[in-house]
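Work through the exercises below with the model open. Each solution follows its task directly.

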Amino acid sequence: MTDIQRCEIRPGRLVEWTLHPEAVEAAMSLPDDSRPLAYVQESHVRTARSVREDGLFVPTWLGTAFDIPGQVDLDVLQEALQAWTARHETLRSGFRWVGEEVRRFTLDTEAVVLHRADIGEFPDAEALTQHLEGRFDVAADALSWPNFIFTAVVRPDSTSVYMAFDHSNVDSYSIQRITAEIHELYAAGVEGRPLETAPVASYVDFGATERANADQIDDSHDIVAHWRKFIAQCDGKLPNFPVDLGLTPEGPLPTQKFMNEMIVNDADAAAFEAHCRPYGGSLIGVLAATGLIVREMNGLDVYRTVVPFHTRAKSKWSDSVGWYVGGAPIEIPVAQATDFESALEMVRDALRKNRPLSRIPIARVLRLLGSDFRPTSPDLYSIVSFVDARGILGSERWHELKAYGLIRVSYGDQVCAWINRLHEGLQFAGRYPDTDAAYKNMHLYVERLREFIISVARNTSAVPA
């Protein structure tokens with residue numbers, strides 16, 4: 001995971017694909033789709049509108065980047081991109097406002113047609129990077145539709161593909177799968193094999209089912225009671241990352257900075273995983289280490305956070321593009337931890353107990369709490385996320401193909417950290433408020449996390465207790 005400034009953009013001829021104007025016009029006259037938005041989608045677009053009404057444009061797109069070696073056939077690439085788009089219903093399903101209500105509409109598969117435009121040569125990589133970011137901000141906006149765009153930077157020896165989507169349609173797992181899927185569709189087209197266009201399970205269907213299930217609970221449900229208590233212990237808010245971020249109370253939403261680095265190599269990552277495996281693996285280890293580190297940094301007694309979990313509970317959702325993420329609140333009494341193993345046990349027990357809470361969307365819970373959670377930031381809470389990406393199809397070629405998941409960094413007062421287990425090791429990517437205090441403390445956190453993992457991996461005595 002990285003931002004667009006760090007994904008090895010090189011000069012070339014820029015081509016872009018958007019949904020054809022005739023398809024867009026047809027969509028605008030479609031009747032409402034009876035399937036509602038997923039709670040996370042509705043929360044996202046309402047937050048975007050709320051922040052926009054406060055006078056701030058906050059881009060929230062995610063994307064992917066990868067190379068196609070050799071001279072590209074743009075017609076075949078267009079067929080691959082079009083076939084892939086048609087397969088994933090969420091990309092051809094949009095939202096519109098009817099008063100204060102958000103309603104869905106959905107194009108049929110056969111109505112999906114892409115329009116190609118030759119934008120021109122970009123001899124300067126920096127100018128191309130700035131152009132792409134600005135273009136993606138407009139074309140993948142949460143409050144407009146279509147809210148995705150595909151581009152290619154064409155060169156004689158290779159072509160770089162950059163694709164951007166508003167977050168309402170994708171999560172990190174979705175974008176990490178794209179490289180292999182487009183490569184396979186493109187290879188089939190070049191070789192004259194039939195394009196694989198078998199339908200996949202629809203995120204639109206998933207969201208409707210998830211919402212129907214969530215709507216069956218009321219404010220007396222145990223899950224709601226747990227969240228109510230958790231939020232009360234966080235002073236009536238959802239938790240931010242527990243270090244000094246230099247935020248000004250009631251101040252404007254700050255810009256953010258991005259950091260991206262390899263924490264440890266494959267050998268140290270594997271040894272850390274082996275140490276943590278009896279307790280549940282590297283996710284448990286990262287959270288336990290984080291709790292001990294923030295205790296050391298600011299004297300914290302209890303580490304409270306919301307842990308993101310995927311909601312692809314059934315295998316049929318594995319190939320589906322969508323935002324399949326829920327959150328579970330946990331409390332780790334780090335002041336009581338006597339060593340790393342005791343912290344691991346605390347995190348393991350907390351996750352075992354509370355992971356089921358992630359099955360009910362947080363947006364539904366907040367609505368039932370009846371409190372005024374009018375969002376002023378695009379992120380409801382901070383996250384420390386861990387994903388083992390080695391099992392994703394094609395991940396062993398990501399370095400060779402210059403494949404990246406892209407994160408838009410703009411504004412926000414929360415910390416979002418993604419720790420990815422790659423074939424090369426453990427990678428840290430994060431965005432945080434652009435303040436001196438946040439810069440100092442986030443870099444200190446990452447450095448101590450690196451030292452901690454290496455200490456565990458190499459069985460040294462430097463592990464904090």
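The model is predicted: local features need pLDDT of at least 70 and side-chain atom pairs count only at pLDDT 80 or more, while totals for chains, interfaces and linings use all residues. Residues are numbered from 1 along each chain as its sequence is written, and side-chain values use heavy atoms, with hydrogens and water left out.

**Exercise 1.** State which residues line the largest cavity.

Solution. Step 1: the search of the whole structure returns 1 cavity of 30 Å³ or more. A cavity is a set of points on a 1 Å grid over the protein atoms alone where a 1.4 Å probe fits but cannot get out; lining residues have an atom within 4 Å of a point. Step 2: the volume, the space filled by probe spheres set on the points, is about 30 Å³ for the largest cavity. Step 3: its lining consists of Ala 48, Val 51, Arg 52, Leu 56, Phe 57 and Val 58.

**Exercise 2.** Identify residues that touch the most other members of the largest nonpolar core.

Solution. Step 1: such a core joins buried (under 20% relative accessible area, 1.4 Å probe, protein chains only) Ala, Val, Leu, Ile, Met, Phe, Trp, Tyr and Cys residues through side-chain atoms within 4.5 Å. Step 2: among its 61 residues, the list includes Trp 17, Trp 84 and Phe 150. Step 3: apart from this core lies another, of 51 residues, including Leu 283 and Phe 452.

**Exercise 3.** Is Thr 311 buried or exposed?

Solution. Step 1: Thr 311 sits in the loop between strand S9 (303–310) and strand S10 (325–332); strands are DSSP runs (E, at least two residues), numbered from the N terminus. Step 2: Thr 311 counts as buried because its relative accessibility is 12%.

How values were computed: 1 Å grid on protein atoms, 1.4 Å probe; cavity = no way out; pocket = protein on both sides within 12 Å on 5 of 7 lines; lining within 4 Å. Buried < 20%, exposed > 50% of the residue type's maximum accessible area, 1.4 Å probe, protein only. Helix = DSSP H or I, 4+ residues; strand = E, 2+ residues; numbered from the N terminus.
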